[in-house]
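Reader: Could you walk me through this model, with the cut-offs spelled out as we go?

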Amino acid sequence: QVQLVESGGGLVQAGGSLRLSCAASGRTFSSYTMGWFRQAPGKEREFVAAISWSGDTIYYADSVKGRFTVSRDNAKNTVYLQMNSLKPEDTAVYYCAARVGLIYYSSSRRPNGYEYWGQGTQVTVSS
C-alpha cells in the first residue's frame, strides 16, 4: 500500500510559478512510475506528466511541455512538478499518482494506469 500526499498548491498570477510536491510512504518508492494529473471543474481528469522509477523516461502533455518539469528524489520518496509560465487554463486540482513497475507511453497517460492516488492540491492561476 502506498499513501501519497501532495503539497505546494496555491493562488498565483498568470506568468508565475509554483512547485508541487508529492510525498510517498512505503519502502519501494523507487520502483514506482509516478504521474501527475489535473482536473478542472466540470472536466475529466487529464494527464500532465509522468516519470519512470529512475527518472530517465519522462512524458508530458502537449499543453504543458516546455513550461512544466517533473522530477523525483527517490531518497526522499518525493516527486515534484515545477510549473512555470502558468496560465489561467492551468487552474485545476492537481493529483499525483503511482503505479508499480515500468513506465509505458499509453498507460502512463491514463488515470486507470495508476493504482494509487493522492488527495489533490488546488492550483489557481489568476489573469
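Reader: Which strands do the six bridges join, and how do they run?
Author: Strand E3 (residues 18-24) and strand E8 (residues 78-83) are joined by six bridges and run antiparallel; strands (E) are DSSP runs of at least two residues, numbered from the N terminus, and two strands pair if DSSP finds at least two bridges between them. Within E8, Tyr-80 is the bridge partner of Ser-21. This is a predicted model, in which local features need pLDDT of at least 70, side-chain atom pairs count only at pLDDT 80 or more, and totals for chains, interfaces and linings use all residues. Residues are numbered from 1 along each chain as its sequence is written, and side-chain values use heavy atoms, with hydrogens and water left out.

Reader: What is the strand order in the open sheet?
Author: The four strands of the open sheet are ordered E1-E3-E8-E7, with antiparallel pairing. Strand E1 (4-7) and strand E7 (68-73) are at the edges with a single partner strand each, so one side of each has no neighbour in the sheet.

Reader: Switching topic, what does Trp-117 touch?
Author: Not counting residues up to four places away in sequence, Trp-117, which is found in strand E10, touches Leu-4, Phe-37, Arg-45, Tyr-95, Cys-96, Ala-97 and Pro-111, where contact means heavy atoms within 4.5 Å.

Reader: And why does Trp-117 count as partly exposed?
Author: Because its relative accessibility is 27%, and partly exposed lies between buried (under 20% relative accessible area) and exposed (over 50%), with a 1.4 Å probe and protein chains only. Tyr-104, in the loop between strand E9 (92-100) and strand E10 (116-117), is also partly exposed, at 45%.
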